[in-house]
Amino acid sequence: MSIFTHMIRFKLGEMMEKKQFAEGRRVTINEIAIATGLNRMTLSKILNLKGYGTGTDTIDRLCEYFGCEVQDLMEHLPEDPV
C-alpha cells in the first residue's frame with residue numbers, strides 16, 4: 001500500500017519574477033524583507049527549502065506586498081509515494 005504525503009509549494013520565485021517584469025527592475029529578498037517586515041532568513045527558506053512551512057501572518061504580508069491572492073503565492077501538491 002502506498003501512502004502519499006502532501007506539501008505546500010510556495011511560488012515566491014515566480015512572484016518575484018512577475019514583479020520584476022512588471023516593474024522593469026530587479027526585486028531582491030532584502031527589499032521584500034524591508035517592505036514586509038519579514039526576516040530575510042524566513043524569505044530565503046520559503047524560496048529555497050522544499051516543503052517549508054510558515055504562518056498565516058507571513059503569507060498575509062507577502063500577499064499584501066505582491067498584491068496577490070493566496071493561491072497566487074502557494075499551491076498544494078501531492079508528493080511521491082512513501
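Trainee: Which strand is R9 found in?

Mentor: R9 sits in β1, which covers residues 4-10. A strand here is a DSSP run of E, at least two residues long, and a helix is a run of H or I with at least four, both numbered from the N terminus. This is a predicted model: local features need pLDDT of at least 70, side-chain atom pairs count only at pLDDT 80 or more, and totals for chains, interfaces and linings use all residues. Residues are numbered from 1 along each chain as its sequence is written, and side-chain values use heavy atoms, with hydrogens and water left out.

Trainee: What makes R9 count as partly exposed?

Mentor: Its relative accessibility is 26%. Buried means under 20% relative accessible area, exposed means over 50%, and partly exposed lies in between (1.4 Å probe, protein chains only). R9 therefore counts as partly exposed.

Trainee: Which residues does R9 touch, beyond those up to four places away in sequence?

Mentor: R9 touches E14, L73, M74, E75 and L77. Contact means heavy atoms within 4.5 Å.

Trainee: Why does K19 count as buried?

Mentor: K19 has 17% relative accessibility, so it falls on the buried side of the cut-off. K19 belongs to helix α1. Residues up to four places away aside, K19 touches R25, V27, Y65 and F66.

Trainee: What does F66 contact, leaving aside neighbours within four places in sequence?

Mentor: F66 is in contact with L12, M15, M16, K19 and I32.

Trainee: Which residues have the most contacts inside the largest nonpolar core?

Mentor: They are L12, I32, L43, L62, F66 and L73, in a core of 19 residues. Such a core is a set of buried Ala, Val, Leu, Ile, Met, Phe, Trp, Tyr and Cys residues joined through side-chain atoms within 4.5 Å. Two or more residues come from each of α1 (12-23), α2 (29-36), α3 (40-48) and α4 (56-66). The largest share, five residues, is that of α4. In soluble globular proteins, nonpolar side chains tend to be buried together.

Trainee: Why are α2 and α3 called oblique to each other?

Mentor: They pack at about 125°, with axes 9 Å apart. Axes are lines fitted to C-alpha atoms, for helices over the stretch in contact, and angles run from 0 to 180 degrees between N-to-C directions. Under 35 degrees counts as roughly parallel, over 145 as roughly antiparallel, 65 to 115 as roughly perpendicular, and the rest as oblique. So α2 and α3 are oblique.

Trainee: Which residues of α2 and α3 meet?

Mentor: I29, N30, I32 and A33 in α2 meet R40, L43 and L47 in α3. They divide into five nonpolar, one polar and one charged. Here Ala, Val, Leu, Ile, Met, Phe, Trp, Tyr, Cys and Pro count as nonpolar, Asp, Glu, Lys and Arg as charged, and the others, Gly among them, as polar.

Trainee: What makes α2 roughly perpendicular to α4?

Mentor: Their axes come within 10 Å and cross at roughly 105°. That angle makes α2 roughly perpendicular to α4. E31, I32, A35 and T36 of α2 contact R61, L62, Y65 and F66 of α4. These divide into five nonpolar, one polar and two charged.

Trainee: What pattern does the protein follow along the sequence?

Mentor: The pattern is β-α-α-α-α-α-β, with five helices and two strands. Of the 82 residues, 30% count as buried.
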